[in-house]
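Have a look at the sequence and the model first.

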Amino acid sequence: MVNTVVCKEEGCIGNRFKISVQRLKIILICIECGGFEKYNKEMNSNVPTICRSCGEEIFKVSKDARKGEMYFECEDCGKKFTFTLVK
Ligand SMILES: [Zn+2]
Ligand SMILES: [Zn+2]
């Protein structure tokens, strides 16, 4: 089941995020409040921080916890990419 990722900060219902990448983490930054959430990633997995087709940097994010996948959808052009979560 796919669930939309919503900001967990109290009082914020932001559901659009910028993506920042560290060596072993992917960080979702809420564009409403600046709150962030980190997820583990493989060292060599390639996560784009901007849309590969239009260069936009804001994404809607959803997650399928059972499959262990996260889906990013470009807010501007709707292009999607899938990211596999690391346990
Ligand atoms: Zn927020
Ligand atoms: Zn785009």
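The questions below go from the whole chain to single residues.

This is a predicted model, in which local features need pLDDT of at least 70, side-chain atom pairs count only at pLDDT 80 or more, and totals for chains, interfaces and linings use all residues. Residues are numbered from 1 along each chain as its sequence is written, while chains are lettered from A and ligands numbered from 1 in the order in which they are written.

Q: What pattern of secondary structure does the protein chain follow along the sequence?
A: Helices (H or I, at least four residues) and strands (E, at least two) are taken as DSSP runs, numbered from the N terminus. The protein chain has zero helices and seven strands. Read along the sequence, the pattern is β-β-β-β-β-β-β.

Q: Why does the protein chain count as compact as a globular protein of its length?
A: The radius of gyration is taken over C-alpha atoms, and the globule rule is 2.2 Å times the number of residues to the power 0.38. For 87 residues that rule gives 12 Å, and the chain counts as compact because its own radius of gyration is close to this, at 12 Å.

Q: Which residue in β3 stands opposite K18?
A: Strands pair if DSSP finds at least two bridges between them. Strand β2 (residues 16-21) and β3 pair in the antiparallel sense over five bridges, and they form a hairpin with three residues between them. In this pairing, K18 stands opposite I29.

Q: Which residue in the turn between β3 and β4 has a positive phi?
A: Five bridges join β3 to strand β4 (residues 36-40), and the two run antiparallel, with L28 opposite E37. The β3 and β4 hairpin has five residues between its strands, and the one with a positive phi, of about 80°, is G34.

Q: Is V21 buried or partly exposed?
A: V21 lies in strand β2, and is in contact (C-beta atoms, placed from the backbone, within 7 Å) with I26, V47 and T49, leaving aside neighbours within four places in sequence. V21 and T49 are 28 residues apart in sequence and 7.2 Å apart in space, C-alpha to C-alpha. Because V21 has 14 C-beta neighbours inside 10 Å, it counts as partly exposed.

Q: Is M43 buried or exposed?
A: M43 sits in the loop between β4 and β5 (59-64). Leaving aside neighbours within four places in sequence, M43 is in contact with R23 and L24. Since M43 has 7 other C-beta atoms within 10 Å, it is exposed.

Conventions
Buried ≥ 20, exposed ≤ 12 C-beta atoms within 10 Å, placed from the backbone. Contact = placed C-beta atoms within 7 Å.
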